[in-house]
Every structure is written in structure tokens, then in C-alpha cells.
Amino acid sequence: MANSGVMTSPLENVELFRVGPVPVTQIIVVTWGVMAVVVVFAALVRLKLRKKSPGRAQQVVEAMLNWLGEEIRGIIGRDPWPFVPLVASLFIFILASNLVAFISSFFEVVKPPTADISTTAALASVVFLAVPFYGIAMTGTLNYLKTYVRPVWIILPFNIISDLSRTLALAVRLFGNILSGEILFGVLLSLVPFFLPLPLMFLALITGTIQAYIFAVLATVYIGGAVRVVEKHETEEKTK
Amino acid sequence: MTTEMLAVIVAGGTIAIGSIGPALGEARTAAAALEAMARQPDLAGTITRTLFVSLAMIESTAIYCLLVSMLLLFKVGPLFS
């Protein structure tokens, strides 16, 4: 417990065992654990799905999805339900991963998966691929490609750079926020192990929730930038 | 002065200088958002959402500095030792 954070590099992974040539790190195990918890919870809610007299879990999930849908409607300004599956999945997975930080304050071995650049890079890549996917599916290939030369053609390279850099920023932001919380906690734990880390644990909960929300909102903003193009002249930013 | 010492010093300087700008920027953003919310409480939801997104954007500058200093400490420093 004592030799936490500062001494060992937080950028390295602890290799637990190997499956053939593939090293299985602790991050992978925790990620699969988080996925299992989320999937089992979703499956249980799905099994008990009722139209009349919904159960407690179903009401919570419905309330959360409706809230996300309203948020997305506020940002994009059109029917949010095509976007809810992706954004909600990202939100729930990141939220669950970030909340692992709370467990990691008791068990040093369990690190939140989002404190690893590989996880956040994968999540950011999903958003990076989702933007052209939604753009092409909703506005057509030509209209989507036109967003790159808007407002003038000379802006094209900047748009491409912006696409790449915002993906990097998305990954690094989540990673840095969660990792900094972990490091802070490790340092404090090695200095004052009793009671003082307690507020930081709650801070980690708040930070984790806010970061999951921010990731979801930014993903929505990026997707919205690709799909809003067509009716820009009709609605003219009325909803924003 | 060894290169490792230099890496530690530069890492400290990076995070020290690099957090000044985002701190000032976030303070200004929060102040402006509070003022806007006080003037127009109806738009509090929209303002809060925009505030969170802008704070995340501003904050990423500090996160980059954190990353650079961590790379200096754990990757670049040991390279020369």
C-alpha cells in the first residue's frame, strides 16, 4: 500500500500473465471486469423490461437515457435517438471505469481502466470514426465532405488537423484527469494515510462523473458538427 | 548537473508555468458563466453545459503540461541515467 504512485511509473502496466504471445495486463482484466458488470446489469434490466409498472432499475436507466437524449437534443438540435446508443454507451462505460477509482483507493491493484492511455485512445478513436459514419449516414457522402471545405476551400488542411488533434485531445484529457487523480491520491496516501485521503476519494467520484459527462458531450458536439450541416439555413442555431 | 536532474527540474517548471494560464482562464470562464446565470436564470442549463465543455477545453492545456512533465520524469529522465 505504501509504495504507491510516485515511485513506480504510472505510465507502465503491470503484466499479470500471458495468453500465448499476448501479455495480459491488469488494465485489461479490470476493463473486462467493468464490461462484465455493465453488460450483466444491462441484461438484467432487459430481462425485467416491462411497459406497465417498471422496476426500480428500469426507471433509473430510463431516466438516465431520457436525460442524455435531452442533452443531445439541446446540442445537436434534432431527433437525438440515433445518437443515444453510442453516446450512452460511451458515457456508461467511462462512468463505470472512472468509478473504479473509488475501489482503487482500497485495493491498489485495481486501477481504473481510463487511467491508461490505451483505453482512452480506443474510446477517442470510436468517436473519430463515428463522426464520418453519422455524417455520411445522415447527410450523404458529398455533403459530409463539403463540411471540410466550409466556409472556404483554403480551410481544408486546418479542418483535417483539427479532426486529428481533437481526437488526441479527447484521449489525453480523460487519461490525464483520471491519472492525475490517481497520482494525487497515491502521493497523499504515502504522506498522510489516515482520513485525509477521504475527501480526495469523493473528489475522484465527482471528477469521474464530470469527465464521463464531458466526454459524452464532446462526442455529441463533434458528431453534431458533421450532421447539422444540411438544415443549417433553416433552423439557424435556434436551438443552441 | 546530470540530465536526469535537469529532467526533474524542467518537469517541475513545466507543470508550474503550465498551470498558470489554465487557472486564470478557468477563473474567468467561471466568473463569466456565473454572471450570465445571474442575469438569465432561465438559460442556466445551457450555460452550465457550455461552461463544462469550455472548462474541459481550457483544462486540456494543463493536462498536456502534466503529460509532458510525466513523460520527462518517467520516460526521458531514465533514458539518460
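The chat below goes through chains A and B of a predicted model.

Q: Ground rules before we start: what kind of model is this, and what pLDDT do local features need?
A: This is a predicted model; local features need pLDDT of at least 70, side-chain atom pairs count only at pLDDT 80 or more, and totals for chains, interfaces and linings use all residues. Residues are numbered from 1 along each chain as its sequence is written, chains are lettered from A and ligands numbered from 1 in the order in which they are written, and side-chain values use heavy atoms, with hydrogens and water left out.

Q: OK, chain A. How many helices and strands?
A: Chain A has 8 helices and 2 strands. Helices (H or I, at least four residues) and strands (E, at least two) are DSSP runs, numbered from the N terminus.

Q: In what pattern along the sequence?
A: Chain A reads β-β-α-α-α-α-α-α-α-α.

Q: How do strand 1 and strand 2 of chain A pair?
A: Antiparallel, over 4 bridges. Strand 1 of chain A covers residues 15-19 and strand 2 covers residues 22-25. Pairing requires that DSSP finds at least two bridges between the strands.

Q: Which residue stands opposite Glu15(A)?
A: Thr25(A), in strand 2 of chain A.

Q: And what's in the turn?
A: The two strands of chain A form a hairpin with 2 residues between them. Gly20(A) sits in that turn and has a positive phi of about 65°.

Q: Switching to helix 2 of chain A. Is Gln58(A) buried or exposed?
A: Gln58(A), in helix 2 (residues 56-76) of chain A, counts as buried because its relative accessible area is 5%. The cut-offs: buried is under 20% relative accessible area, exposed over 50%, partly exposed in between (1.4 Å probe, protein chains only).

Q: What is Gln58(A) in contact with, leaving aside neighbours within four places in sequence?
A: Val45(A), Lys48(A), Leu49(A) and Arg50(A). Contact means heavy atoms within 4.5 Å.

Q: And Val60(A), buried or exposed?
A: Val60(A) is also placed in helix 2 of chain A. Val60(A) counts as exposed because its relative accessibility is 54%.

Q: How far apart are Val60(A) and Ala226(A)?
A: They are 31 Å apart in space, C-alpha to C-alpha, and 166 residues apart in sequence.

Q: What about charges in chain A?
A: There are 18 positive and 14 negative side chains, and the centres of the two sets lie 8 Å apart. Lys and Arg count as positive, Asp and Glu as negative; His and the chain ends are not counted. Each charge is placed at NZ of Lys, CZ of Arg, CG of Asp or CD of Glu.

Q: Now chain B. What elements does it have?
A: Chain B has 3 helices and 0 strands, running α-α-α from the N terminus.

Q: What is the radius of gyration of chain B?
A: Chain B has 18 Å, whereas a compact globule of 81 residues would have one near 12 Å. The radius is taken over C-alpha atoms, and the globule rule is 2.2 Å times the number of residues to the power 0.38. The C-alpha trace of chain B spans about 60 × 15 × 10 Å along its principal axes.

Q: How much of chain B is buried?
A: 28% of its 81 residues.
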